[in-house]
Amino acid sequence: MNTKSLTVRLLQIGASLFVGLNSSLAIADTYPSKPIKAIVPFAPGSTTDQIGRAFAAKMSETLGQPIVIENKPGANGLIGADFVAKAPADGYTILIGTNSTNAALKSLVKNLPYIQDTAFTPIGYFGSAPLIVAINNDVPAKSLNGFVSLAKANPGKMTFAYASTSQRVSSEMLASFADIQMTGVSYKSGPNAMTDLIGGQVNMFTSDFGVSLPQVQSGKIRGLAVTSLKRSPVIPELPTVNEALGIKGYELIAFFAAFGPAGMPKDAVLKLNQAINNAAKSKDLVERLSANGFETQPGTPEALGQKIKLETAKWAKAIKEAGMQPE
């Protein structure tokens, strides 16, 4: 190849690279160019739904495009998570994920329809909240210790509701720590479980603040304890499970975050992450969600990825200690 031909070839290669770079930049500049679908893997009215809608509204302000919430409940979040895992990785379908979908299901389901560790792109962390252990008002117990005594006197007869992994694992862990036997009753949604707790169809329900706090405060159910290591400033009169039972080591915190399918474009991830962090720092959103015990915690996609690895191991340990087997 002579010098002239080499020069022409180099110019052609440079032009191709320039066009490719410009195309990438154009995509980065135009994203998002249409509404984004956010899948909530739990029912309308659930805590995940409430948090997802609050963040979606704020994120839309940053992104300049609406984020449309679509509820796909069922199987402890698996149905919605599977939908996102198999969606196009273009940044227009995201998951409002939780400890159920992105940490615990791996240890609870024998044959997940996706590989949990690699099926998702971490986008951004919303925050976390403890749960409230509550019982029906007709249960003759005024404290968690009193409820444990009832359960010991009636092995297997006391029932607990659950509609998510955190709700189930928290109750199974409590039974293990307190050395009692209870019977779990599965529900499609937290609000449905709460309706039955109020009506007396089940005895106990350990659920997120968003579902349980209003009912405790209105006197429709009796709150016994919170699942965090420290008392919640939202309802400081409730002791922790550790305080109530005189034990150590019981803790269960629900977390919430955004994920996309594996292989999402980095520019889309970064723009969504920025929108999440802006929302997490928004005064009105913080005030609204903190009233339900929720603590926002902005961070990077990389930090969320590391957190998920730690949480997956943590939930595997909790599930094993609770004596639960994959199904």
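A residue counts as buried when its relative accessible area is under 20%. By this criterion, 53% of the 327 residues of the protein chain are buried. The views below show a predicted model.

**Figure 1. Overview of the protein chain, with its 12 helices and 10 strands.** Taken along the principal axes, the C-alpha atoms fill a box of roughly 95 × 40 × 30 Å. Among contacts in the chain with a separation of 6 or more, 77% are made by residues 24 or more positions apart.

**Figure 2. The largest nonpolar core, which has 83 residues.** In soluble globular proteins, nonpolar side chains tend to be buried together. The residues with the most contacts inside this core are Phe55, Met59, Phe120, Phe126, Phe147 and Leu272. Strand 4 supplies the largest share of the core, with eight residues. Another core, of 18 residues, lies apart from it and includes Ala163, Val202, Phe209 and Val211.

**Figure 3. The surroundings of Phe55 in the largest nonpolar core.** When residues up to four places away in sequence are not counted, Phe55 touches Phe126, Ile276, Ala279, Ala280, Leu285, Leu289, Phe294 and Thr296. Ring pairs also join Phe55 to a cluster that contains Phe126, Phe256 and Phe294.

**Figure 4. Helix 7 (residues 190-199) and the elements that cover its buried residues.** The buried residues of this helix are Gly190, Ala193, Met194 and Leu197. Seen down the axis of helix 7, they fall within an arc of 100°, and therefore they line one face of the helix. Their cover includes strand 4 (120-136), strand 5 (159-162), strand 7 (204-208), helix 8 (209-217) and strand 8 (221-226).

**Figure 5. The aromatic pair formed by Phe177 and Tyr250.** A search of the whole structure finds nine aromatic pairs. In the pair of Phe177 and Tyr250, the ring centres are 5.6 Å apart and the planes stand at 80°, so the pair is edge-to-face. Phe177 belongs to helix 6 (residues 165-178), while Tyr250 lies in the loop between helix 9 (241-245) and strand 9 (253-261); the pair therefore ties together parts that are 73 residues apart in sequence. Phe177 is partly exposed, at 30% relative accessibility, whereas Tyr250 is buried, at 1%.

**Figure 6. Two lysine residues that lie over aromatic rings, Lys34 and Lys72.** Lys34 lies over the face of Tyr92, at 4.7 Å from the ring centre. Lys72 lies over the face of Phe83, at 4.5 Å from the ring centre.

**Figure 7. Glu327, in the segment after helix 12 (301-321).** With a relative accessible area of 61%, Glu327 is exposed, because the cut-off for exposed residues is over 50%. Leaving aside neighbours within four places in sequence, Glu327 is in contact with Leu108, Val109, Lys110 and Arg168. Glu327 and Leu108 are 219 residues apart along the chain, and their C-alpha atoms are separated by 6.2 Å. The side chain of Glu327 also makes a polar contact with the side chain of Arg168, at 3.3 Å.

Terms used:
Residues are numbered from 1 along each chain as its sequence is written. This is a predicted model: local features need pLDDT of at least 70, side-chain atom pairs count only at pLDDT 80 or more; totals for chains, interfaces and linings use all residues. Side-chain values use heavy atoms; hydrogens and water are left out. Buried means under 20% relative accessible area, exposed over 50%, partly exposed in between (1.4 Å probe, protein chains only). Helices (H or I, at least four residues) and strands (E, at least two) are DSSP runs, numbered from the N terminus. The arc is that of the directions from the helix axis to the C-beta atoms. Contact means heavy atoms within 4.5 Å. A nonpolar core is a set of buried Ala, Val, Leu, Ile, Met, Phe, Trp, Tyr and Cys residues joined through side-chain atoms within 4.5 Å. A polar contact is a pair of N or O atoms within 3.5 Å; within protein, one must be able to donate a hydrogen and the other to accept it, and residues adjacent in sequence count only if both atoms are side-chain atoms. Rings of Phe, Tyr and Trp (its six-membered ring) pair if their centres lie within 6.5 Å; planes under 30 degrees apart count as stacked, over 60 as edge-to-face and the rest as tilted. A charge sits over a ring if NZ of Lys or CZ of Arg is within 6 Å of the ring centre and within 35 degrees of the ring normal.
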